[in-house]
Amino acid sequence: MSADNSCADVSVPLRNLLNSVQCVRDRVKDGESNESNGVFNLSNFWDTLMQAVKAASQEATKLSLAFSKPPLPTQEDGEKFAESIQKSVLALSTVYYWLPKSHGITLRRLVRDATAEVLDGIVQLVDVIVSSPLQSLSQEQLQSTGGVWSACDQFAHLPRDNRAAVLGVLASYIGVVKDAIEEMEQAQAESQDPFSDVLDDEDQDSRGNQDTYWSEEDRQLMAPCQGLMKASAACLRKLLSAVKANGNVSMPETVAQLDDLADISKEISPSVDDLVLSLYPPMDYSGVDQNACKLTVVLKKVLDIIRVSHVCLEADLNWVQFLNGALDHNLQKIKALIQGSS
């Protein structure tokens, strides 16, 4: 049999495998959990999942090695490799489906995304092998194999329950808001009228183009806007501390409350970003007003949900009330300054 025929024969099971893994991956991305009335043990789930991840990594490595140098595997060997990969992929996706929503939507999303990333990596690896001349180990095949390993390795770092999952996403939101605040502070420090130190007041008043710097009125308006941003960061930090101290995953009701807190908090950082963008010169006061109001509404909604959740103890009501007052104070100041400038 010629090398070309051998190549064509062994590629048939690989192409079938490629289609199959793509279907499994798409179902994982879109599928629902297998809710059951039976007892679910989270610790056993993680043990079984890690075994399935390890098996998928090993099978992907075997496949890559088999096609790393001549001679090519026979069609029969190719079918065996494809069958082994297929079994490991189905096992991994099946274990993922075991995780019920009642143990946390936030946790389940993270496990789903990590599972899909492994399947994406296997799809890419098989596709590279099918598409390459199958004569030597290419850089692309090396990278694809490494991609599968990397995707599998991240399972060791996933949170093990919904409280830990929510803490992780809240920490990421805090990072985004902190970056936005620092960006605005840096822009303020760097942005100034380049001619302000050489022109007198009358000359400065005659300069109409303020597209690249803030006027004194703009800077006055920025102060309460930054107050809203800092209240956003404070709200997220306080919420993270409350979840860390009081978060409970022993009951479906408290697990669901943690998911609600994570979902509503997700709206904070985009609202902060919108406010930051509207503050850049030339400043659009109506846009600033609109985005400040939107951020305030989002934050008050978050505080309302915190107030009635199990993570908010009686002592926490003080900072919830304080932040509510800070929001009202800064928004009133923003509106007063905008009204005064019109």
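Reply: Begin with a definition: a disulfide is a pair of cysteine sulfur atoms within 2.5 Å. Keep in mind that this is a predicted model.

Me: To how many disulfides does the count come by this rule?

Reply: The count comes to zero disulfides.

Me: Are the cysteines C152 and C225 buried or exposed?

Reply: Buried means under 20% relative accessible area. C152 has 6% relative accessibility, so C152 counts as buried. C225, at 0% relative accessibility, counts as buried too.

Me: How do I read the packing of two helices?

Reply: Two packed helices are described by the angle between their axes and by the distance between those axes. Here, helix α4 (residues 105-131) packs with helix α5 (residues 139-153) at an angle of about 165°, and their axes are 8 Å apart. Therefore α4 is roughly antiparallel to α5, since angles over 145 degrees count that way. The α4 and α5 crossing is left-handed.

Me: Which residues of α4 and α5 make the contact?

Reply: From α4 they include E117, V118, G121, I122 and L125, and from α5 they include E140, Q141, V148 and C152. The residues of this contact comprise eight nonpolar, five polar and two charged.

Me: Where does A91 lie, and is A91 buried or partly exposed?

Reply: A91 is part of helix α3 (residues 75-98). With 34% relative accessibility, A91 counts as partly exposed. A91 and A55 are 36 residues apart along the chain, and 9.0 Å separates their C-alpha atoms.

Methods: Residues numbered from 1 in each chain as written. Predicted model: local features only at pLDDT ≥ 70, side-chain atom pairs only at ≥ 80, totals over all residues. Heavy atoms only, no water. Axes fitted to C-alpha atoms, helices over the stretch in contact; angles between N-to-C directions. Helix = DSSP H or I, 4+ residues; strand = E, 2+ residues; numbered from the N terminus. Parallel < 35°, antiparallel > 145°, perpendicular 65-115°, else oblique. Left-handed = near helix turned anticlockwise from the far one by under 90°. Contact = heavy atoms within 4.5 Å. Nonpolar A, V, L, I, M, F, W, Y, C, P; charged D, E, K, R; others polar. Buried < 20%, exposed > 50% of the residue type's maximum accessible area, 1.4 Å probe, protein only.
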